[in-house]
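Here are a few exercises to work through with the model open beside you. Try each task first, then follow the solution step by step.

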Amino acid sequence: MTAQVIDGKAFAAEIRGKVAEHVARLKEKHDLVPGLAVVLVGEDPASQVYVRSKGKQTTEVGMKSVEHKLDIDTSEADLLALIDQLNNDDSIHGILVQLPLPKHLDEDLVINSIDPAKDVDGFHVSNVGLLGTGQKSMVPCTPLGCLMMLRHHHGSLSGMDAVVIGRSNIVGKPMAQLLLGDSCTVTIAHSRTKDLADVVRRADIVVAAVGRPEMVPGDWIKEGATVIDVGINRIEKDDGKTKLVGDVDYASCAERAGAITPVPGGVGPMTIACLLANTLTATCRANGLEEPEGLTV
């Protein structure tokens, strides 16, 4: 079997197109422009690239993009004051603080200072609790993108056996909650899981989000299963150059899977697309307007 490739890049372009259409209607009918504010503390190169990409794609769909770039030694008080200012700015509907933060800043305190209604990353403890109890929330972007791809590929996920490898607050735990919400039978596996290979082999859906390069080999994959690879790891090749790989061994897994996401070009592009979708959703909720269909849970 050769797996069908789930093209996250193409699907993300479709999502951005739908977002742009909704944004244009909001402008025309309600004179309303969704606004996204991104806060970057310090000069981490990867974060800088990511923030630039977010800003570019935000403006491309017709939204207002605001960037606040702060010095690495910015005090916690100053950062919290900025967030409070954005919380009270009616032209800003989504707030994202780029992680990781410098070590002297308390990430939990900072994230939980964001208005939950504007928390487009879905990391605020209130949104975590709402998601966990099946209520309306802001949903973390990466798991939301994974769910969208799974729904698009399978239609209904009801009754499917899903294994999420990884228990992070950013991907693993919310991913499991979303799959439960779609009536999957869900197992969260991790580094301490006994007989991990056997656990994974039972799954109709495997979401690998553990952050270890090519950890999952093909012989762990059930014939015909769908593999969603969240990992983005840079490894050195024999010639000294580097390449990006996921958390699964793509070649061997693709031989057994029914469908698989590549790295790069799979989950990654969906994360920013879902950030834009979340900003649109937050804008509609804040203004009592109907939420965009197919762009949220």
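Helices (H or I, at least four residues) and strands (E, at least two) are DSSP runs, numbered from the N terminus. This is a predicted model, in which local features need pLDDT of at least 70 and side-chain atom pairs count only at pLDDT 80 or more, while totals for chains, interfaces and linings use all residues. Residues are numbered from 1 along each chain as its sequence is written, and side-chain values use heavy atoms, with hydrogens and water left out.

**Exercise 1.** Find which helices each supply at least two residues of the lining of the second largest pocket.

*Solution.* Start with the helices: H4 (107-111), H5 (125-132) and H7 each supply at least two lining residues. Next, pick out the top contributor, which is H5 with 4 residues. Then look towards the centre of this pocket: of its 18 lining residues, Asp-108, Phe-123, Val-128, Asn-169 and Ile-170 lie nearest. Finally, sort the lining by class to get 9 nonpolar, 6 polar and 3 charged residues. (Ala, Val, Leu, Ile, Met, Phe, Trp, Tyr, Cys and Pro count as nonpolar, Asp, Glu, Lys and Arg as charged, and the others, Gly among them, as polar.)

**Exercise 2.** Work out which helix gives the most to the lining of the largest pocket.

*Solution.* First list the elements that each supply at least two lining residues: helix H2 (45-60), strand E4 (94-97), helix H6 (141-154) and helix H10 (267-286). Of the contributors, H10 gives the most, with 6 residues. By class, the lining has 25 nonpolar, 10 polar and 5 charged residues.

**Exercise 3.** How many bridges join E2 to E3?

*Solution.* Strand E2 (residues 35-41) runs parallel to strand E3 (residues 64-70), and 7 bridges join them. To check one by eye, go to Val-38, whose bridge partner in E3 is Glu-67.

How values were computed. 1 Å grid on protein atoms, 1.4 Å probe; cavity = no way out; pocket = protein on both sides within 12 Å on 5 of 7 lines; lining within 4 Å. Pairing = 2+ DSSP bridges.
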